[in-house]
Amino acid sequence: MIAALVVVPILAGLALYLVPRSAEHLAKWIAVAIAFGAFALAISQYGAPDESLRWLSRPFAANFHVGLGKGPSFWIVLLLTLSTGCALMVTRVPRARDFIAQMLVLLGAMTGVFIARDLLLFALFWDLMLIPVFITLVAWSPTKSNATAWKYLVYNLVGGLALLLATAAYGIVQGTTDVIGVDPKSLATISDTWALWICLGFGFAFFIKTPVWPLHTWMPDTYADLPAPMVAIVSAVQSKAGLYGFIVIGLALFPGVMHAIAPVAFVLGLIALVYGALAALVQDDIKRVVAYSSLSHLGLIILAIFSFSPIAIGGAVVYIVAHGLFSAGLFMTVGEIELREDTRLLSRLGGLGGRNPKLAGGLTIVALAALGLPGLCGFAGEILILTGLYRAGFVWQTVVALVPVVIAAAYMLRVFQGVMHGPEHDDLPEREDLSLLEGLALAPLVIAIVLLGINPGPVTHLDTFTRSVAAASAQSTLAILKK
Amino acid sequence: MNLAFAMTAASPALLSIWLLPLVGAIVIWTLGPQLRRNAGYLGSAFVLVSFALALANFGAAGNATGLRAPLVTWGPGFAFGLQLDALSLLWTLVITGVGGLIHIYSIGYMWTDRAIARFFAYLNFFVFSMLTLVLADNVVGLLVGWGLVGLASYFLIGFWFYKPTAVAAARKAFVINVFGDIGIMFAIFACYAATGSIAFSDIFAKAGTFSEPLVLAICIGLFIGAMAKSAQVPLHTWLPDAMEGPTPVSALIHAATMVTAGVYLIARFAPLWNLSPTAQEMVAVVGAITMVTGAILGMAQWDIKRILACSTMSQIGYMIMGVGVGAYQAGVLHFFTHAFFKAQLFLGAGLIIHALGDEQDVRKMGGLYRKMPFTFAAMLTGTLAIIGFPFFSGFYSKDAIIYEALEHGHPILFFAGALTAGITAYYMFRMLFVTFFGSYRGDVPDAMLAIAPPVPGAYAAHDDGHVEHAPTWLMQAPVAVLMVPTVIAGYLTIGGESSPWYRYFGTLFGHGGNVAGVPLAIPEWASTIFVLVLVTLGIVVAYLRYGNPPALIGAVDRLRGEALKMPPVLAHAFYVDALIATAIVRPANALGGAISRYVDPHVIDAGVRDVAWVAGMLGALFRALQTGLVRAYALTIVVGAACFIAYFAYLGTAR
């Protein structure tokens with residue numbers, strides 16, 4: 001049943017091309033049903049046993065092994081299916097049928113990344129999830145040039161190549177790649193040199209995907225050019241693949257190397273945190289504000305992971321889900337704004353709040369979650385991460401990480417007030433407020449933002465899998481201390 | 001975690017007190033368009049029921065542990081709950097009591113505003129947030145309330161969001177308060193790292209084991225939060241701007257309750273502050289600086305609400321100085337009395353503003369006592385209370401703070417407090433004379449009073465149909481009710497250490513600070529007389545400048561001359577805004593601009609392009625592939641992926 005989470009959306013996406021082009025609504029509702037069906041299925045499979053099929057035995061053992069568990073995989077798949085369903089509900093692009101098909105393939109491929117329990121399978125889905133985004137960038141980009149699409153593809157394929165090579169090397173050295181979520185103690189130890197190079201290969205791919213400064217310049221362009229429904233799920237979920245990889249592969253399999261590269265990762269994370277926030281302060285395009293704010297927020301998660309503190313890592317999972325919820329919400333509301341006013345430039349927008357109170361209300365909540373308002377999900381992640389960082393002894397780093405919290409308030413209010421408040425602009429078209437459907441598409445995200453903010457406890461809950469991660473990193477800390 | 005607390009069942013009364021205003025906010029928000037003005041009655045009812053419940057539990061809250069209600073647990077040490085003890089009960093009663101009265105007043109004040117339902121939804125949400133702040137039994141819960149009141153304040157300052165000035169003021173208030181939040185966050189991290197818990201009870205139980213620098217660091221973090229929320233220098237600049245909100249909001253949030261949260265925070269953390277004389281000194285000095293600065297700024301304002309805002313700043317300075325020197329009971333008493341008299345002053349000012357069709361400049365008023373005798377009586381009692389006139393409530397609380405500053409060994413703060421009392425008397429009576437005496441100047445042209453013309457593009461008077469009409473009973477009744485505690489609230493402290501006020505708190509604050517042998521000690525009556533002399537002096541100077549018959553006759557010329565001669569340093573409020581803009585806002589924007597216009601495109605991207613260029617083989621390959629046909633690209637990818645899958649499938653079958 002877990003495998004259906006991957007197989008059904010991909011097959012349905014391809015099959016959607018059989019639906020007549022004109023039957024856009026049919027295609028949309030099929031896709032919405034599949035996304036929410038996957039959401040329900042994932043909930044029903046909470047803690048279900050893994051499913052595995054033999055795939056390769058030469059040159060190393062690899063299995064079609066998928067599992068949800070009770071940890072990060074489960075929560076991220078919920079986030080993915082929910083945000084995809086919501087984004088699909090309000091899809092309004094030219095050639096909608098084809099676009100929706102790409103969305104479904106993307107849904108299946110991304111689910112595959114997060115439920116794969118085999119490194120080779122993980123790498124396969126990792127590359128597969130680039131394809132729909134690339135195709136969309138080429139075929140639905142607002143600009144004639146394909147520069148953004150190529151930038152996206154080249155960056156991510158270079159990362160994907162590193163990932164594939166590292167996977168192959170790991171398979172050859174270890175004899176199997178079916179190791180995600182396995183108790184690290186049951187694995188044969190690999191030599192330090194191999195561990196270093198393999199982990200660097202994974203890490204390089206993860207750093208590009210997240211992205212981490214200075215490998216981030218593909219991201220603002222990509223986010224600006226993708227249609228709103230797809231950028232919502234790419235920023236909500238695809239950008240988490242690298243962070244997820246650091247947790248389930250980096251921390252679990254290469255704790256020693258992770259410790260060794262932690263100082264570098266910390267510096268890069270701190271730079272991303274401040275750099276992204278400052279850049280977000282001056283963007284005119286709202287999508288670029290959100291893109292740079294993502295660079296900043298995801299830098300915080302990098303810090304959490306490389307602090308090896310169980311509280312911070314629990315907080316990182318919360319923040320991964322939280323950031324997914326509010327960035328999906330942000331990009332969806334930005335899509336609604338662009339649809340109404342034909343622009344996303346802050347210099348042109350203003351005064352929408354009076355005519356569009358519902359849209360203003362939706363943007364308020366997602367923007368507040370993004371700026372870390374206490375009581376909403378962004379704050380829950382932040383406070384857990386920073387508490388863990390401080391407790392692990394990173395005191396001045398914690399203080400530096402607090403500064404972007406203030407900047408975030410400034411740039412998020414700049415967006416919110418710039419769009420909604422002030423006098424009405426006469427040169428903007430007057431359009432209707434959110435329709436019932438548009439409201440319903442935002443509602444699940446808003447509810448999740450509030451619920452996760454009130455009680456992130458279940459998401460931080462360390463199941464056997466994440467416990468082994470914590471244990472492994474603790475062990476290697478001991479090992480390093482002994483050296 | 002303390003087992004006894006975990007086993008205590010949640011108190012339904014406490015949960016109701018806390019949640020009723022939230023229910024009100026949600027109901028009003030959802031049904032807003034249907035409710036219209038009924039939203040006001042509904043919102044008032046939710047808050048007043050909450051008040052009645054709090055009052056009914058007065059006895060239960062006063063005992064050792066108070067009422068408790070555990071809520072959620074995030075993980076080890078992160079347990080959230082509510083507690084109602086003596087300190088939080090006091091705040092709860094003021095929030096819901098004064099808050100309820102201001103709700104009723106607002107029905108009249110917002111009568112003709114189209115968005116009246118939205119206003120009451122926000123107001124109820126504010127009450128809920130403020131209750132979260134004072135009822136939390138842990139420091140993260142307190143921060144949640146702290147952030148939510150900031151949000152409510154943001155919503156209500158920017159309530160008339162079509163006014164650019166209101167929007168800017170709201171953003172400024174929010175961002176400065178988030179800066180305060182990160183101070184509290186730092187304190188949370190330090191407390192958790194030291195105790196493994198966020199609960200007040202656990203932190204205070206282990207406070208004795210903290211090192212001196214740790215206590216100081218936690219106190220500094222908390223105080224940054226207190227400074228932002230309670231408008232202490234130099235984080236005060238948002239408060240005068242916050243007067244852009246509707247006047248009832250100024251009364252409730254920016255005078256009576258939210259801005260005093262810093263006082264609550266310090267009183268709540270008294271067990272920590274008592275451990276660090278350095279931290280106490282810091283708090284007391286910043287409080288004193290704010291007290292004096294607010295009073296000086298108060299002398300230079302023309303907008304009636306800004307006069308009151310500066311006086312609020314100054315009075316909170318008194319409270320902060322009080323709790324800073326360890327005079328917790330006196331500082332909290334000044335919060336209590338101030339909540340009544342300042343709410344009354346603001347509501348009185350609201351009656352004037354409402355009657356004059358949104359005129360707020362005192363230069364355009366004058367002679368109003370004949371037309372508005374009730375309002376005059378309200379403003380006069382409020383003024384007498386705030387300047388510490390004998391037998392009015394402020395007299396007891398302010399005197400206690402000033403004298404205890406001396407008693408705890410701070411003679412300079414004592415003199416600053418006494419001097420500020422004199423200045424307060426001056427500017428408050430200045431306001432009274434200019435507003436209520438002489439002849440009405442509403443029809444005098446602005447130029448004759450040297451009132452600056454509005455900035456081009458600024459929003460002129462709003463169009464929600466405020467027309468000149470007498471205040472209804474809805475607005476007068478709450479003011480009349482407030483007049484009672486404005487006069488008598490201070491009598492609670494008659495009898496010193498054995499008075500009801502001191503017995504109510506008992507040993508809650510522990511032993512506050514260093515009551516050492518003070519060489520300058522004088523008896524309390526001498527201190528009182530000294531202060532009263534300065535207060536009288538302030539009133540006399542105000543009378544000579546604004547109140548005597550020649551001054552009243554030549555008021556127009558005199559006010560114009562004064563406006564033209566205003567020293568720039570006062571007109572620009574000591575340039576603090578300009579300093580923040582130059583030192584922080586502009587550099588941050590410049591850095592952001594440099595990043596997005598220069599570093600990202602021309603350094604990082606260029607670097608990456610160079611790497612690509614060096615990989616010449618790759619480049620050549622791409623050139624060959626760049627046919628420009630989208631279908632060709634897509635096909636390449638699909639074929640590549642197919643080969644990849646086929647290869648591994650082949651390996652799989654050939655095992």
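These notes go through the predicted model of chains A and B point by point.

1. Basis. This is a predicted model in which local features need pLDDT of at least 70 and side-chain atom pairs count only at pLDDT 80 or more, while totals for chains, interfaces and linings use all residues. Residues are numbered from 1 along each chain as its sequence is written, and chains are lettered from A and ligands numbered from 1 in the order in which they are written.

2. Chain B overall. Chain B holds 30 helices and two strands; helices (H or I, at least four residues) and strands (E, at least two) are DSSP runs, numbered from the N terminus. Of its 655 residues, 54% count as buried. A residue is buried if 20 or more other C-beta atoms lie within 10 Å of its own, exposed if 12 or fewer, and partly exposed in between, with C-beta atoms placed from the backbone. Among the contacts in chain B with a separation of 6 or more, 81% come from residues 24 or more positions apart. Two residues are in contact if their C-beta atoms, placed from the backbone, lie within 7 Å.

3. The side of chain B that touches chain A. Here 49 residues of chain B are in contact with 49 residues of chain A. On chain B, two or more residues each come from strand 1 (67-75), helix 7 (139-157), helix 8, helix 28 (576-614) and helix 30 (630-653). Helix 8 of chain B gives the largest share, 14 residues. By residue type, this side of chain B has 36 nonpolar, nine polar and four charged residues. Ala, Val, Leu, Ile, Met, Phe, Trp, Tyr, Cys and Pro count as nonpolar, Asp, Glu, Lys and Arg as charged, and the others, Gly among them, as polar.

4. Helix 8 of chain B against chain A. The axes of helix 17 (residues 395-420) of chain A and helix 8 of chain B come within 10 Å and cross at roughly 160°. Axes are lines fitted to C-alpha atoms, for helices over the stretch in contact, and angles run from 0 to 180 degrees between N-to-C directions. The two helices are therefore roughly antiparallel to each other (angles under 35 degrees count as roughly parallel, over 145 as roughly antiparallel, 65 to 115 as roughly perpendicular and the rest as oblique). Their crossing is right-handed; a crossing is left-handed if the near helix is turned anticlockwise from the far one by less than a right angle, and right-handed if clockwise. Residues in this contact include L402(A), V406(A) and L413(A) of helix 17 of chain A, and F174(B), F179(B) and F189(B) of helix 8 of chain B. The contact divides into 16 nonpolar residues, two polar and one charged.

5. Helix 8 within chain B. Helix 8 (residues 164-195) also packs against helix 10 (residues 212-229) of chain B, with axes that come within 7 Å and cross at roughly 155°. That makes helix 8 of chain B roughly antiparallel to helix 10 of chain B, and the crossing is left-handed. Among the residues in contact are G180(B), G183(B) and A187(B) of helix 8, and A217(B), G221(B) and G225(B) of helix 10. The contact residues are 15 nonpolar, five polar and two charged.

6. Domains of chain A. Chain A is divided into domain 1 (1-253) and domain 2 (254-460), with bounds that come from an automatic or database domain assignment. Taken over C-alpha atoms, the domain centres are 22 Å apart. The contact takes 39 residues from domain 1 and 44 residues from domain 2. On the domain 1 side, helix 3 of chain A supplies the largest share, nine residues. That side is made of 30 nonpolar, seven polar and two charged residues.

7. Local backbone features. The peptide bond from R58(A) to P59(A) is cis, with omega near -10°, and P59(A) is in the loop between strand 1 (51-56) and strand 2 (62-66) of chain A. A further cis peptide bond joins T210(A) and P211(A), with omega about -15°. P211(A) is in the loop between helix 8 and helix 9 of chain A. R95(A), not a glycine, has a positive phi of about 50°, and R95(A) is exposed, with 12 other C-beta atoms within 10 Å.
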